[in-house]
Amino acid sequence: METAILTLLEQNESLGFEQIALYLDEPPEQVRSALTALRRRRFVDVLGVSEVVGHTTAPVAYWRLTELGQTELARLRSR
């Protein structure tokens with residue numbers, strides 16, 4: 001799943017974990033766990049933004065590929 005996430009983020013610049021789960025047809029909890037593991041390895045980064053919902057704002061996290069993640073994806077593709 002990690003390679004699929006890296007590829008998806010390469011193609012889409014940044015996505016929420018729910019969007020990634022929909023694209024990959026995987027349970028959101030598993031995608032969030034995979035993203036957390038990728039972040040620990042510095043392959044992805046999270047961008048926190050606020051989204052207006054009604055009269056309040058809610059925090060939203062968008063995940064994006066880092067340069068190290070791009071390097072890892074290239075390494076995985078070259079195998």
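This report describes helix faces, salt bridges and ring contacts in a predicted model.

## Helix H2

Helix H2 spans residues 17-24, and its residues Phe17, Ile20 and Ala21 are buried. Viewed down the axis of H2, these buried residues fall within an arc of 100°, so they line one face of the helix. Leu22 and Tyr23, on the other side of H2, are exposed. Asp25 follows H2 and has a positive phi, near 55°.

The structure holds zero aromatic pairs.

## Helix H4

In helix H4, residues 67-77, the buried residues are Gly69, Glu72, Leu73 and Leu76. They cover an arc of only 100° around the axis, which places them on the same side of H4. The face turned away from this buried side carries the exposed residues Glu67 and Thr71.

Because Arg75 and Glu72 are three residues apart in the helix, about one helical turn separates them. Glu72 is buried at 13% relative accessible area, whereas Arg75 is partly exposed at 41%.

The whole structure contains four salt bridges. One of them joins Glu10 and Arg77, whose closest N and O atoms are 2.6 Å apart. This pair links helix H1 (residues 2-12), which holds Glu10, to helix H4, which holds Arg77, across 67 residues. Glu10 is partly exposed, with a relative accessible area of 40%.

Arg64 and Asp45 also meet in a salt bridge, at 3.7 Å from N to O. Arg64 lies in strand S3 (residues 56-65) and Asp45 in strand S2 (residues 44-53), 19 residues apart. Arg64 is partly exposed at 32% relative accessible area, and Asp45 is partly exposed at 30%.

Definitions and conventions. Residues numbered from 1 in each chain as written. Predicted model: local features only at pLDDT ≥ 70, side-chain atom pairs only at ≥ 80, totals over all residues. Heavy atoms only, no water. Phe/Tyr/Trp six-rings, centres within 6.5 Å; stacked < 30°, edge-to-face > 60°. Buried < 20%, exposed > 50% of the residue type's maximum accessible area, 1.4 Å probe, protein only. Helix = DSSP H or I, 4+ residues; strand = E, 2+ residues; numbered from the N terminus. Arc of directions from axis to C-beta. Salt bridge = Lys/Arg side-chain N within 4 Å of Asp/Glu carboxyl O.
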